[in-house]
Structure formats: structure tokens, C-alpha cells
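Please look through the sequence and the model shown here before reading on.

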Amino acid sequence: MSLRYRLNLMLVVTVLIMLVAGSLLVGFNARRSVATEIESSVLLASSLIESGMALEDASEDSFLRWLDKFLAVSESRHLKVTVASLSPINETGDGEALSLSVPDVPDWFIEAVRPETLTIRQTISRPNGTAILLFVEADPRDEIAEAWGEAVDVFGLIAAMAAIIFVVVTVTVERAFKPVSRIITGLDRLENGHFQERIPPFSSPEFSRIANAINHTAGVLEKSRRDNQVLRQHSLEVREEERRFLAHELHDEFGQSLSAVKVVAVSLKNGKLGEQSLPALGSIIETCDHLFFVLRHMMRQLHPLILDELGLKAALDDMVESWPFGQAGIRVNHDADPAIDSISRKHRIHVFRIVQECLTNILKHADATLVDIYIGLTGEGPAGCGQNLELEIRDDGVGFDPRAITAGFGLRGIRERVEGLSGELSIRAVCGDGVTIRVEFPFHRDAV
């Protein structure tokens with residue numbers, strides 16, 4: 001059941017309750033009004049009868065004048081009066097039965113508002129010695145007709161108000177829900193990868209905030225997709241560059257050196273060098289040493305073996321010592337907790353590459369004189385039990401404006417690695433005040 005359907009259902013139920021409650025109230029007030037009016041009429045008739053009984057000793061003319069007035073007043077106060085002459089005085093008589101049929105008034109309304117039957121039966125002695133029987137019965141027909149007219153007016157007013165409320169609320173709800181379809185359409189397109197789509201602003205501030213949040217999300221996703229595309233392209237270019245580098249090294253270094261070794265070795269085998277054998281053997285040794293140097297350099301570029309053999313701390317120490325910081329006039333202070341060597345193997349290389357990328361950026365761009373590196377564990381308890389690994393690299397270089405960095409793969413690569421470690425990256429950079437990079441991610445022990 002949709003929200004629109006539930007709101008409309010609640011509105012219909014509320015309007016029906018209003019109509020029923022209004023109808024009951026109108027009926028209750030009509031019944032009370034009719035009963036009150038009839039009781040007052042009967043009380044008046046009773047008072048008039050008492051005044052007539054006081055005329056028993058008066059003249060017959062006075063009695064007849066009273067009787068005429070009584071009949072005139074009683075008929076005008078919703079009463080049915082029957083006068084019967086009694087002779088002798090102890091005879092009895094009753095009036096005709098009163099019919100409650102009222103034109104243009106439905107029977108159910110008559111039954112709903114009709115009061116209890118009120119009657120007065122009184123024998124009055126006339127001055128001439130005879131008696132009359134007065135039979136007075138309440139006649140609510142006129143009052144019921146008035147009550148029905150008022151009830152129709154009030155009920156019509158209630159129905160009109162309920163209809164107006166229903167229409168106004170329905171139109172308001174429909175207008176208020178128009179943005180929902182646009183928002184749902186925007187979310188569907190967002191789900192299908194159309195991150196460039198934007199939801200227009202709405203007149204309602206609540207829906208406008210939702211639209212702005214969705215647009216911001218779409219913008220972030222679009223930027224992430226562009227960054228991923230750029231990183232993916234860069235990754236392919238780096239892979240091709242590494243292959244070119246390996247092909248170049250293998251061709252220029254290994255190929256030529258091995259060819260030279262082969263030429264010297266063949267000459268030695270054929271005995272063509274004679275007294276030059278010793279220098280030739282020395283040349284072979286020098287060429288082999290050069291090949292070993294090139295091989296170690298290539299292996300270090302591909303993957304630092306010391307990272308697997310001696311651990312992360314030793315690999316970082318070796319990297320700091322082997323880089324030309326002294327030639328660049330940079331002093332490096334590094335402090336690494338020995339406990340970091342127990343980090344898992346798959347996390348080790350990421351930490352190493354993050355530090356390597358940071359140091360590369362410092363050498364290329366920072367123009368720094370001092371670099372501080374700290375790697376340790378945060379939190380209490382044994383290493384790896386709910387602790388985080390914290391890495392902080394700070395330099396005193398020229399800094400930069402983070403908002404102005406729109407290209408470059410160094411920081412993007414670092415951010416990708418940190419996100420892959422489920423960690424957090426914070427960069428504090430101010431022009432002229434150096435850069436501080438902090439990385440923190442959950443510590444994972446190597447499987448035993």
C-alpha cells in the first residue's frame with residue numbers, strides 16, 4: 001500500500017467519521033429541542049387547566065371565555081385538545097389517536113427525534129352543573145418539521161465542509177507528491193549509472209533538500225567514476241611503461257652484456273686471446289657484477305624482497321637509507337614500532353607503497369629540508385586486537401592548496417590504497433607551511 005493510498009484512505013475515513021459524528025450530533029440536538037418544546041407546551045396547558053378549574057364557582061360566560069382562550073392557546077403550542085361533554089359527571093371519554101405522519105419528513109427521522117407521549121386528561125365542572133373532559137396530547141409534528149429543516153441545513157453544511165476539506169487535502173497531497181515521482185525517476189537513473197542527471201529544485205523545502213542530497217550523491221559518484229576511469233587508464237599506462245622498461249633493460253643491459261660475455265667466452269674457448277685471457281676473465285667478472293646490480297635494481301622496482309624476508313620495518317629503513325635524501329639536502333627522521341612487522345602480508349606492500357609514494361612526492365615537489373615519518377599502533381591491548389595502524393608523514397616544504405590539486409596520480413593512488421584497506425586518509429596542506437599526511441586503518445595480523 002503506497003503512502004498516497006494510505007493518506008487518501010485515512011482522509012476518507014476521517015471525513016466519514018466527521019459526517020457520522022455530525023449526523024449524530026444533529027439528531028441528538030433535534031431530539032432534545034423537540035422534547036423541550038413539547039414539555040413546555042404541555043406545562044403551559046397544565047397551567048391553563050388549573051386556572052380553568054378555579055372558575056368552577058364563576059359564571060358560565062366567564063367559563064366559556066376561558067375555554068375559548070384555552071383552545072386557542074393550546075392549538076398554537078403544538079397540542080391536540082379534545083373537549084367532551086360528560087353527563088352525568090362520572091362518564092369518561094378519550095380523544096382520537098394522534099397520527100405522527102409529517103409531510104416531507106422521513107419516517108426514520110421522526111422515530112429518531114420523537115419524544116415520549118405526553119397527555120393530560122382532566123375533568124372540569126362547569127358552573128351550570130355539567131362537566132367537560134379535557135384530553136390534551138402533545139403534538140410534535142410541527143416541531144419535528146422545524147427540526148428536520150434545521151437538520152437538513154446543518155447536515156448540508158457539514159457535508160459541504162467535509163467535501164471541501166476532502167478536495168483541498170486531496171489536491172494538496174497530489175501536488176505535494178508530484179516531486180516524489182521525479183525523485184524516484186532520478187534514483188532509477190542514478191541506479192542505472194546516469195550520474196550526470198540532476199533533479200530540479202522544488203518549491204517544497206523538504207523535497208528540495210532531498211533533491212540536493214541526491215544531486216550531491218550523483219556528483220560524488222560521477223567524480224568517483226571519472227577518477228576510476230583515469231586511474232584505470234593510468235594503471236594500463238604504468239603497466240605498459242613497466243613492460244617497456246623491462247624490455248629496455250633486458251635489451252640494453254642483459255642483451256648486450258650477455259653478448260659481450262659470450263664473445264669473450266668463445267674467444268677463450270678457441271684460444272684466440274692468448275696472454276689477454278686474464279683481462280678477458282676480468283671483463284667477464286665486471287660484466288656479471290653489472291648484471292647483478294641491474295638485476296637487483298629491477299627486482300627492487302618490481303617488488304622489494306627485503307619486505308618478505310626481513311619485514312616492513314627493515315624494508316622502510318632500507319628505503320629511507322637508499323634514497324638520495326642527503327644529496328637533496330633533506331634530513332629524514334623515521335620511527336617505526338617493531339610490532340608493525342606482524343601486519344598481514346597483503347597489507348604490508350600497501351603501507352610500503354604509500355610511504356614510497358609520499359617520499360617520491362617530497363623529493364619531486366616539496367623542496368623540504370626535514371621529513372618526519374612515524375608508523376605505530378594506536379589503542380590498548382595486544383597488537384592486532386582491536387588496534388589500528390597509524391602512519392604519519394610530515395615535511396616542512398612549500399606545501400600546496402588541496403583545492404587546486406585536480407590532476408596527478410600520487411594522491412589518487414594513495415587514496416585508492418587507503419580505501420582498499422578500509423582506512424581513513426587525512427591531508428593537511430597549507431601553502432608555505434608543509435604537508436602532513438595521516439593514514440589509519442584496522443590492524444590485521446598475518447595468519448599463523
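What follows describes a sheet, the helices beside it, a few backbone angles and some salt bridges.

This is a predicted model, in which local features need pLDDT of at least 70 and side-chain atom pairs count only at pLDDT 80 or more, while totals for chains, interfaces and linings use all residues. Residues are numbered from 1 along each chain as its sequence is written, and side-chain values use heavy atoms, with hydrogens and water left out. Helices (H or I, at least four residues) and strands (E, at least two) are DSSP runs that are numbered from the N terminus.

- An open sheet is formed by 5 strands in the order 4-5-6-8-7, and the pairing is mixed; two strands are said to pair if DSSP finds at least two bridges between them.
- The edges of this sheet are strand 4 (331-336) and strand 7 (424-429), each of which pairs on one side only.
- On average, neighbouring strands of the sheet are turned by 10° against each other, with direction ignored; here axes are lines fitted to C-alpha atoms, for helices over the stretch in contact, and angles run from 0 to 180 degrees between N-to-C directions.
- Strand 5 (residues 370-378) and strand 6 (residues 388-395) run antiparallel and are joined by 8 bridges, and Thr378 stands opposite Asn388 in strand 6.
- Strand 7 and strand 8 also run antiparallel, with 6 bridges joining them, and Arg428 has Thr436 in strand 8 as its bridge partner.

**Helices beside the sheet**

- Helix 9 (residues 345-366) packs on the sheet, where it touches strand 5, strand 6 and strand 8 (435-442), and its direction makes about 10° with that of strand 6; contact means heavy atoms within 4.5 Å.
- The 22 residues of helix 9 should span 32 Å at 1.5 Å a residue, and its end C-alpha atoms are 31 Å apart, which agrees; the expected span of a helix is 1.5 Å times one less than its number of residues.
- Helix 10 (residues 410-420) lies across strand 7 and strand 8, and it runs at about 150° to strand 7.

**Positive phi angles**

- Most residues other than glycine have a negative phi, which is the background for the cases below.
- Asp367 follows helix 9 and has a positive phi near 55°; this residue lies in the loop between helix 9 and strand 5.
- Asp367 is exposed, with a relative accessible area of 64%; buried means under 20% relative accessible area, exposed over 50%, and partly exposed in between (1.4 Å probe, protein chains only).
- Ser422, a residue other than glycine, has a positive phi near 60°; Ser422 is found in the loop between helix 10 and strand 7, and counts as exposed at 60% relative accessibility.
- Gly432 takes a positive phi near 85° in the hairpin of strand 7 and strand 8, which has 5 residues between the strands.

**Salt bridges**

- A search of the whole structure finds 9 salt bridges, where a salt bridge is a side-chain nitrogen of Lys or Arg within 4 Å of a carboxyl oxygen of Asp or Glu.
- Arg226 forms a salt bridge with Glu222, with the closest N and O atoms 3.6 Å apart; both residues lie in helix 5 (residues 205-270), 4 residues apart, which is about one turn of the helix.
- In general, an α-helix has 3.6 residues a turn, so residues three or four places apart point the same way.
- Arg226 is partly exposed, with a relative accessible area of 43%, whereas Glu222 counts as buried at 14% relative accessibility.
- The side chains of Arg394 and Asp372 meet in a salt bridge (3.6 Å, N to O); Arg394 lies in strand 6 and Asp372 in strand 5, so the pair ties together parts that are 22 residues apart in sequence.
- Glu392 forms a salt bridge with Arg438, the closest N and O atoms being 3.2 Å apart, and this pair links distant parts of the chain, as Glu392 is in strand 6 and Arg438 in strand 8, 46 residues apart.
- Glu392 counts as partly exposed at 22% relative accessibility, and Arg438 is partly exposed too, with a relative accessible area of 27%.
- A network of salt bridges links Asp372, Glu390, Glu392, Arg394 and Arg438.
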